[in-house]
Amino acid sequence: MPREEVHDVVVVGAGIGGLAAATALAAAGRDTVCLEARERVGGRALSTPAPGGALDLGATWFWDGERRIAELAARLGVETFDQHLAGDTVLQDVTGVHRLPGNLIDGPARRFTAGADALAHGLAAELPAQSLRLGTPVTAIRRSDKGDGGALDVHTPDAVLHAEHVVLAVPPALALARIDLGAELPAQLVRLARKTPVWMGAVAKVVAHYPGAFWREASLAGAAISRTGPLRELHDISGPGGRPAVLFGFAPAQFVGPGFENAARSQLGRLFGPAAAEPESLRVQDWSDEHWTSPPAVHRLADYSLFGHDLYQQPALGGRLHWASTETAPDHTGHMEGALAAAERAAHAVLSPSPTRAVPAPWPLPTRTRGR
């Protein structure tokens with residue numbers, strides 16, 4: 001028999017949004033457990049150490065006006081620096097490779113010196129002992145049969161967690177694909193969740209690490225657009241002062257297969273010179289192949305107008321099931337800022353029966369603005 005537990009709130013997913021919701025609710029005095037299927041925190045914020053810094057294999061930037069993420073980084077002591085912008089752009093099309101004056105792709109943005117997942121590790125460190133459980137996938141969420149006003153039961157492989165509220169901090173389409181939510185969700189909500197794209201879910205990120213940022217010596221920004229591929233959009237994501245020296249490109253995940261890495265190296269060489277074809281290391285992070293990020297056939301989910309849909313702004317299952325992934329945020333959707341905004345909304349909704357109890361959130365509470 002699975003063991004049984006009773007908690008105020010169960011948060012599903014230990015990405016930036018899930019951890020932010022969990023820390024805010026725990027700080028408000030709620031008995032909160034955060035369940036993560038992976039053996040790590042961060043979700044789509046994933047960084048790997050490199051000499052002089054870190055390589056971001058997922059989330060990378062934040063922008064002006066994204067005050068929640070800026071405040072969170074400052075509070076956690078996570079150092080940031082400006083995105084490199086200087087230099088010219090490279091355009092690749094069927095006629096060849098062309099150099100265009102100025103950086104036509106990148107805009108002012110900031111990066112995290114220790115990698116974007118430093119935010120997740122900082123938040124996780126603030127949670128009470130034993131409240132974060134890695135390697136714990138949720139298999140089902142159902143209304144409780146204990147007759148206590150419609151609370152929810154969260155099933156894992158070895159336990160049933162009985163909770164007043166559940167915060168789903170995973171992409172809606174992933175939740176529908178991996179978690180048995182029973183037959184009580186409204187049909188319109190089920191259709192919406194199944195069709196909502198997963199941000200970055202159909203993309204592979206190719207990260208090339210070099211001994212030095214040689215392209216800067218040629219007055220190139222490391223920014224490129226290709227109409228032929230396999231990499232379609234490229235950026236310089238080197239660390240402060242160009243160390244570690246890194247170029248990365250986005251590719252449709254369908255391109256990943258035999259010969260893909262060699263094709264990526266060859267394209268880097270055509271865009272930035274022979275040295276670019278010989279990185280010290282080349283990492284391919286195919287997010288479509290991540291079982292706990294993307295549902296099957298994620299590349300078919302293409303209706304981005306569903307992001308931040310009104311149905312995600314209201315709790316389901318009698319006001320007890322709350323959506324808290326970046327896909328559900330009306331503003332800054334797809335960004336870490338969007339994940340924090342969704343987490344903020346979910347935390348406030350959980351505490352709304354007690355209006356005098358403020359949410360001690362790990363972000364400021366700004367006036368809502370439209371994000372990029």
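Two strands are taken as paired if DSSP finds at least two bridges between them. Strands (E, at least two residues) and helices (H or I, at least four) are DSSP runs, numbered from the N terminus. The structure is a predicted model, in which local features need pLDDT of at least 70 and side-chain atom pairs count only at pLDDT 80 or more, while totals for chains, interfaces and linings use all residues. Residues are numbered from 1 along each chain as its sequence is written, and side-chain values use heavy atoms, with hydrogens and water left out.

Seven strands form an open sheet with mixed pairing, in the order S7-S6-S14-S15-S16-S13-S17. Strands S7 (96-100) and S17 (281-286) are its edges, each pairing on one side only. From one strand to the next, the twist averages 20°. Strand S6 (residues 88-93) runs parallel to strand S14 (residues 220-226), and 5 bridges join them. Leu91 stands opposite Ile225 in S14. Helix H7 (residues 260-272) packs on the sheet, and its direction makes about 125° with that of S14. Such angles run from 0 to 180 degrees between N-to-C directions, with axes fitted to C-alpha atoms, for helices over the stretch in contact.

Helices H1 (residues 16-27) and H3 (residues 117-126) pack at an angle of about 25°, their axes 9 Å apart. H1 is therefore roughly parallel to H3, a term for angles under 35 degrees. In contact (heavy atoms within 4.5 Å), Ile16, Leu19, Ala20 and Thr23 of H1 meet Leu119, Ala120, Leu123, Ala124 and Glu126 of H3.

Notes: Angles under 35 degrees count as roughly parallel, over 145 as roughly antiparallel, 65 to 115 as roughly perpendicular and the rest as oblique.
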